[in-house]
Amino acid sequence: MRLILLGPPGSGKGTQAQRLVQRYGIVQLSTGEMLRAAVAAETPVGLKAKDLMANGQLVPDDIVVGIISDRIDQPDAAKGFVLDGFPRTVPQAEALDELLKKKHLRLDAVVELRVNESALLQRVETRVAEMLARGEEVRVDDTPEVLTKRLAAYRSQTEPLIHYYSERRKLATVDGMMTIEQVTREVNRILSAVGALEPKLAPARKAKAAARKTARPAAKKAAKTAKKAVKTARKAAKPASRGAKTAGNKKAARKAVSAARGRGGASAQKTVRKAAKKVTKKRAKR
Ligand code: AMP
């Protein structure tokens, strides 16, 4: 499963992404998280991104596209991923299309979490309070001033993606003002509707399908053994038929059956018995 969560800061992308990770075993690819790690580690990317992030501005496209391309190649992303905070511009979306195409990967859906802007400041304030309560370091860009700039960046650079993905029939919009549970349910419903989930079979059907799967090779083997045994039966019946004695034919057939026994299952033996009988009849007629 591969999907994008689209929405302004504080719309609940991170929360929903975490739930998808837990439910489906996919990975969350958050460019914001990766960039914060790069800033903390003072890598060359981190040094370039640091001030831009602190000011609520976007980091250059080539940097984030490079990060995402490398990350998608990691083995843990093979099962699927949810992109959180990427793409954020049309050129990033185009670059993503291109790199998915090159890697022969399909994007299942883009889920937009639509929220009232007036609620966002409150949400971010709550997030800050919760992080402080957990003793975590608060993000430098989670202040009312920087949030205003991040929202402006979202409106001018990221919102055009709604049109971009809608045109490509990938977009589904969810009311992000609902409770977390309701949003999760809606996201799951969408994923199911677009066929991003493996079909869930009812337990009885599942057991049947599993049994069929294991039974298939055994049945094949039995059929093969039966075929072989029929050949043996024919061979065994031949010399007896030369004498044209029914009793001799019967004996040969019995011999063939016992030769097949132990090599095939019950059905194989039945097939052999039938074949041997046929051969005996035929020879006797001559
Ligand atoms: P986030 O954690 O998604 O809110 O991102 C925090 C900050 O990281 C953003 O305000 C940007 O400065 C930077 N950032 C994250 N993702 C991207 C992206 N896809 N393109 C450009 N900048 C990004």
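Is Arg 169 buried or exposed? Arg 169 counts as exposed, at 77% relative accessibility; here buried means under 20% relative accessible area, exposed over 50%, and partly exposed in between, with a 1.4 Å probe and protein chains only. We will come back to this residue after a look at the whole chain.

This is a predicted model, in which local features need pLDDT of at least 70 and side-chain atom pairs count only at pLDDT 80 or more, while totals for chains, interfaces and linings use all residues. Residues are numbered from 1 along each chain as its sequence is written, and side-chain values use heavy atoms, with hydrogens and water left out.

## The whole protein

The protein has twelve helices and five strands. These are DSSP runs numbered from the N terminus, with helices being H or I over at least four residues and strands being E over at least two. Of the 286 residues, 40% are buried. Contact means heavy atoms within 4.5 Å. Among contacts between residues at least 6 apart in sequence, 72% join residues at least 24 apart. The accessible surface comes to about 17400 Å², and carbon and sulfur atoms hold 55% of that; such areas come from the Shrake-Rupley method with a 1.4 Å probe, and for residues only the protein chains shown count as cover.

## Around the ligand

Which residues come nearest to the ligand? They are Thr 31, Gln 57, Gly 85, Arg 88 and Gln 92, out of 16 residues around the ligand. A residue belongs to this group if one of its heavy atoms lies within 4 Å of the molecule. Helix H2 (residues 31-40) gives the most to the shell, with four residues. By class, the shell divides into six nonpolar, five polar and five charged residues. In this scheme Ala, Val, Leu, Ile, Met, Phe, Trp, Tyr, Cys and Pro count as nonpolar, Asp, Glu, Lys and Arg as charged, and the others, Gly among them, as polar.

| Residue and atom | Ligand atom | Distance |
|---|---|---|
| Thr 31, polar side-chain atom | nitrogen | 2.8 Å |
| Val 59, polar backbone atom | nitrogen | 3.0 Å |
| Arg 139, side-chain N or O atom | oxygen | 3.1 Å |

On its own the ligand has 480 Å² of accessible area, and the protein covers 96% of it.

Arg 139 sits in the loop between helix H6 (117-133) and H7. Besides its link to the ligand, its side chain makes a polar contact with the side chain of Asp 141, at 3.0 Å. A polar contact is a pair of N or O atoms within 3.5 Å; within protein, one must be able to donate a hydrogen and the other to accept it, and residues adjacent in sequence count only if both atoms are side-chain atoms. Leaving aside residues up to four places away in sequence, Arg 139 touches Arg 36, Arg 127 and Arg 150.

## Helix H8 and its partners

Helix H7 (residues 144-158) and helix H8 (residues 160-167) have axes that come within 5 Å and cross at roughly 35 degrees. Axes are lines fitted to C-alpha atoms, for helices over the stretch in contact, and angles run from 0 to 180 degrees between N-to-C directions. Tyr 154, Arg 155, Ser 156, Gln 157 and Thr 158 of H7 meet Pro 160, Leu 161 and Ile 162 of H8. The residues of this contact divide into four nonpolar, three polar and one charged.

H8 also meets H5, with axes that come within 9 Å and cross at roughly 35 degrees. From H5 the contact takes Val 90, Ala 93, Glu 94, Leu 96 and Asp 97, and from H8 Pro 160, Leu 161, Tyr 164 and Tyr 165. Its classes are seven nonpolar, no polar and two charged residues.

Lys 170 is partly exposed, at 22% relative accessibility. Not counting residues up to four places away in sequence, Lys 170 touches Arg 106, Leu 107, Asp 108, Ala 109, Val 110 and Tyr 165.

## Backbone points to check by eye

Most residues other than glycine have a negative phi, and most peptide bonds are trans. Arg 169, in the loop between H8 and S5, has a positive phi near 55 degrees. His 104 also has a positive phi, near 55 degrees, and lies in the loop between H5 and strand S4 (109-114). His 104 is exposed, with a relative accessible area of 73%.

A cis peptide bond, with omega about -5 degrees, joins Phe 86 and Pro 87. Pro 87 is in the loop between strand S3 (81-84) and helix H5 (90-102).
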